[in-house]
Amino acid sequence: MWEKMSKSKGNYIGITEAPKVMFRKIMGISDTLMWRYWELLTDASIAEIAAMKAREPMGVKMELAGAHCS
């Protein structure tokens, strides 16, 4: 099960953090949990996300990090 995100646990990504910090934190998300971030943080459809699952996770995670940290 997933842990709740919180500042005290150090597992959050603040919206006012520097882009490089956000990028590093997103890249640190597990490959399994990354798909939930795609659902919550993007307008990608469930079908689009499902299609991404056939791709190399590192590249997909870099796209997620790049889209939200630039």
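**From a lysine to the core**

In this predicted model, Lys25 lies over the face of Tyr12, at 4.3 Å from the ring centre. Lys25 belongs to helix H1, which spans residues 19-27, and its side chain is joined to that of Glu17 by a polar contact of 2.8 Å. When neighbours within four places in sequence are left aside, the residues in contact with Lys25 are Tyr12, Ile13 and Glu17. Is this lysine buried or exposed? Its relative accessible area is 19%, and because buried means under 20%, Lys25 counts as buried.

Helix H2, residues 31-41, has Met34, Trp35, Tyr37 and Trp38 buried. These four residues lie on the same side of H2, because they cover an arc of only 160° around the axis. An α-helix has 3.6 residues a turn, so residues three or four places apart point the same way. On the other side of H2, Thr32 and Leu40 are exposed.

The largest nonpolar core has twelve residues, namely Ile26, Ile29, Met34, Trp35, Tyr37, Trp38, Ala44, Ile49, Met52, Val60, Leu64 and Ala65. At least two residues of this core are supplied by each of H2, helix H3 (46-52) and helix H4 (57-69), and the largest share, four residues, comes from H2. Ala65, one of the core residues, touches Phe23, Ile26 and Met27, not counting residues up to four places away in sequence. As for the aromatic rings, a search of the whole structure finds zero aromatic pairs.

Terms used
Residues numbered from 1 in each chain as written. Predicted model: local features only at pLDDT ≥ 70, side-chain atom pairs only at ≥ 80, totals over all residues. Heavy atoms only, no water. Phe/Tyr/Trp six-rings, centres within 6.5 Å; stacked < 30°, edge-to-face > 60°. Lys NZ or Arg CZ within 6 Å of the ring centre and 35° of its normal. Buried < 20%, exposed > 50% of the residue type's maximum accessible area, 1.4 Å probe, protein only. Arc of directions from axis to C-beta. Core = buried A, V, L, I, M, F, W, Y, C linked by side-chain atoms within 4.5 Å. Contact = heavy atoms within 4.5 Å. Polar contact = N/O pair within 3.5 Å; in protein donor to acceptor, adjacent residues only side chain to side chain.
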